[in-house]
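Morning, everyone. I have one structure to walk through today. Please bring it up on your screens.

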Amino acid sequence: MSDAALLADYLAGAAKGDRHALERLYRATAPQLFGLAVGILRRRDLAEEALQETFMAVWRHAARFDPQRGTALGWMARILRNECFDLLAKRGRETPLDPEFAESLPDLTDGPEALTQSGEEAARLKHCLDQLEAQPRASLLLAYYQGLTFEQVAARLGAPLGTVKSWIRRSLVRLKGCLEP
């Protein structure tokens with residue numbers, strides 16, 4: 001059975017009130033959906049809220065899923081996007097900046113020399129990341145760039161949790177060694 005068919009089967013089970021089917025659906029799709037939510041909302045706490053609301057909606061409306069109109073993951077991603085946009089509309093994408101806090105921030109526009117240096121640092125970081133093996137680099141990027149938990153990284157990569165933790169720890173040590181002068 002393909003992944004898409006399996007997810008559709010889980011949704012059909014959830015539509016009949018099978019909590020185990022919903023749990024399997026959550027385990028199979030939550031990492032991808034959470035990554036999508038973080039990408040839209042740029043805040044981990046809001047992404048977790050959107051994901052929770054999405055699965056509540058999936059539980060309530062699973063019977064509405066029509067496999068003839070698309071995949072289960074696509075249907076769930078649409079629900080998640082709507083939840084994200086609702087959250088953004090309710091809370092606003094940006095909070096007003098406190099003027100006193102703004103005054104305390106360092107001036108990041110130091111000029112071309114500083115910009116050149118930050119560009120060089122980014123290039124050094126990319127060079128060091130490129131030296132890591134594929135799976136450890138992916139683990140590191142998923143955890144620190146997309147904000148996934150170690151458990152979610154393990155689920156996304158299909159690797160044991162302990163292995164993912166080791167990859168990330170060793171990768172950080174290697175990056176530190178690579179970036180030090």
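Start with helix 1, residues 3-15. How far apart are its end C-alpha atoms? They are 18 Å apart. That agrees with expectation, because 13 residues at 1.5 Å a residue should span 18 Å. Bear in mind that this is a predicted model.

Now look at which side chains of helix 1 are hidden. The buried residues are L7, A8, Y10, L11, G13 and A14. What do they pack against? Three partners: helix 2 (19-41), helix 3 (44-61) and helix 4 (72-91). After helix 1 comes G17, and its phi is positive, near 90°.

Next, helix 4. Here 20 residues should span 28 Å, and the end C-alpha atoms sit 29 Å apart, which agrees. Its buried residues include W75, M76, I79, L80, E83, C84, L87 and L88. An α-helix has 3.6 residues a turn, so residues three or four places apart point the same way. The buried residues of helix 4 pack against helix 1, helix 2 and helix 3.

Buried or exposed? S139 counts as buried, because its relative accessibility is 0% and the cut-off for buried is under 20%. Beyond its neighbours within four places in sequence, S139 contacts V153, L157, V164, W167 and I168.

Last point, confidence. The protein chain averages a pLDDT of 83, and 85% of the residues score at least 70. Where is confidence lowest? In helix 5 (residues 99-104), with a mean of 55. Confidence is highest in helix 3, at 92.

Key: Residues are numbered from 1 along each chain as its sequence is written. This is a predicted model: local features need pLDDT of at least 70, side-chain atom pairs count only at pLDDT 80 or more; totals for chains, interfaces and linings use all residues. Side-chain values use heavy atoms; hydrogens and water are left out. Helices (H or I, at least four residues) and strands (E, at least two) are DSSP runs, numbered from the N terminus. The expected span of a helix is 1.5 Å times one less than its number of residues. Buried means under 20% relative accessible area, exposed over 50%, partly exposed in between (1.4 Å probe, protein chains only). Contact means heavy atoms within 4.5 Å. pLDDT is the predictor's confidence in each residue, from 0 to 100.
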